[in-house]
Amino acid sequence: MRAQHLRPFGLEVRDLALNRLDTHSIKAVRELICRHRVVVFRNQQMDATGFADVLMLLGEMMFTDGEIAVDGEPRLNLVTNVGRTRPPRSVFHTDTSYVARPPAFTALQAVHVPQKGGATLFSDQVRVAAKLPAATRAWLALRSIRHAWLQPDGTMAKTWHPALRRHAETGETALFLSTPERCDRISDTDDATGARVIAALYQRSIRASELYRHHWCAGDIVVWDDRLTMHRADHSAVEGERVFYRGMVLGEHPVPAQGSCADKQRNHVPELITTGMMH
Ligand SMILES: O=C(O)CCC(=O)C(=O)O
Ligand SMILES: [Fe+2]
């Protein structure tokens, strides 16, 4: 296999046909995605059904309410800028994190790559967790964040997840966050402090110098681990049609990195968080 590290993280694989993998090699592919967080598979040739079949080798698929399914392939949804008068809005987020079992992986297959622009950006939430000041980590290790989202049927989905999450397959610790609009509370913390901490953690997560920026080529399939990353599309200055097929693979119930989220002993908010010195 011809593979190359991307900067500052991620892996690019050039010569692996995903639709010809056997059960043994799919296990290796899964390990690569978990280890490198984002894997770019170049030169893939398959239709939507072939793509969904590959994703099913990684696990049970899930579909977010309100997304538009791909014509003839209900396991996938369509990501497109076609027919839009204004560029879509995209901020760093974790996909569908407001459910009890958020996705382990999301994958995009390039259908139309724009002539210019339209990259996808990724943050490394393991690195972010590792670089948190020790007091902040200790405080977060005992806390959960509430992920909330207003669903298309008008009901609010709300789920508590550990702020520091242990990856089920690699054991790594990641700061499990989504956009502040979707993270509305921190356990054992008043709302104003919670909002301030979430905003600070989010800003820390998306520092430009630490992001992997994926520039799309025809034939790309990119798979990322939603337990270890956040992502966003860069819709600024896109020229031409930007169309992807997208699929998600169900993940586990998130588990805390260490200790118990229910521990009430450490209610003191560390200085670093309250004074905004986290940046
Ligand atoms: O369009 C992109 O680059 C990413 C869109 C996105 O957020 C997703 O597919 O989950
Ligand atoms: Fe997304």
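Two strands pair if DSSP finds at least two bridges between them. Helices (H or I, at least four residues) and strands (E, at least two) are DSSP runs, numbered from the N terminus. Residues are numbered from 1 along each chain as its sequence is written, and chains are lettered from A and ligands numbered from 1 in the order in which they are written. This is a predicted model: local features need pLDDT of at least 70, side-chain atom pairs count only at pLDDT 80 or more, and totals for chains, interfaces and linings use all residues.

**Stop 1: colour by confidence**

pLDDT is the predictor's confidence in each residue, from 0 to 100. The protein averages 93, and 92% of its residues reach 70 or more. Select strand 15 (residues 221-225): among the elements it has the highest mean pLDDT, 99. Now select helix 6 (residues 271-274), which has the lowest, 55. Go to residues 262-266. Here pLDDT stays under 50, and the model has four contacts beyond four places in sequence for this stretch. A contact means that the C-beta atoms of two residues, placed from the backbone, lie within 7 Å. Where pLDDT is low, the predicted coordinates should not be read in detail.

**Stop 2: the annotated domain**

Select residues 5-247. UniProt, in an unreviewed entry, places the feature "domain: TauD/TfdA-like" there. UniProt positions are given in the numbering used here, feature names are shortened, and annotations may be inferred rather than shown by experiment. Over residues 5-247 the chain is 22% helix and 32% strand. The end C-alpha atoms of that range are 24 Å apart.

**Stop 3: strand 9 and its partners**

Select strand 9 (residues 144-150). Three bridges join strand 9 to strand 13, and the two run antiparallel. Look for H147, which stands opposite C183 in strand 13. On to strand 10: seven bridges join it to strand 9, again antiparallel. A148 stands opposite K158 in strand 10. The hairpin of strand 9 and strand 10 has five residues between the strands, and G154 takes a positive phi near 90 degrees there.

**Stop 4: helix 5**

G194, V197, I198, A200, L201, Y202 and S205 are buried in helix 5. A residue is buried if 20 or more other C-beta atoms lie within 10 Å of its own, exposed if 12 or fewer, and partly exposed in between; C-beta atoms are placed from the backbone.

**Stop 5: strand 17**

Select strand 17 (residues 243-250). Strand 4 (residues 61-62) joins it through two antiparallel bridges. M61 stands opposite V249. Strand 6 has four bridges to strand 17, also antiparallel. There, V79 stands opposite F244. Strand 7 has eight bridges to strand 17, antiparallel too. Find T106 opposite M248.

**Stop 6**

Show strands 12, 11 and 18. They form an open sheet of three strands in the order 12-11-18, with antiparallel pairing. The edges are strand 12 (173-175) and strand 18 (255-256), each pairing on one side only. Three bridges join strand 11 (residues 164-166) to strand 12. R166 stands opposite T173.

**Stop 7**

Most residues other than glycine have a negative phi, and most peptide bonds are trans. Zoom to R7 and P8: a cis peptide bond joins them, with omega about 0 degrees. P8 lies in the loop between strand 1 (3-5) and strand 2 (11-13).

Next is N43, with a positive phi near 55 degrees. N43 lies in the loop between strand 3 (38-41) and helix 2 (48-58). Is N43 partly exposed or buried? N43 counts as partly exposed because it has 14 C-beta neighbours inside 10 Å.

Finish at T96, whose phi is positive, near 40 degrees. T96 lies in the loop between strand 6 (73-80) and strand 7 (103-112). T96 has 24 C-beta neighbours inside 10 Å, so T96 counts as buried.
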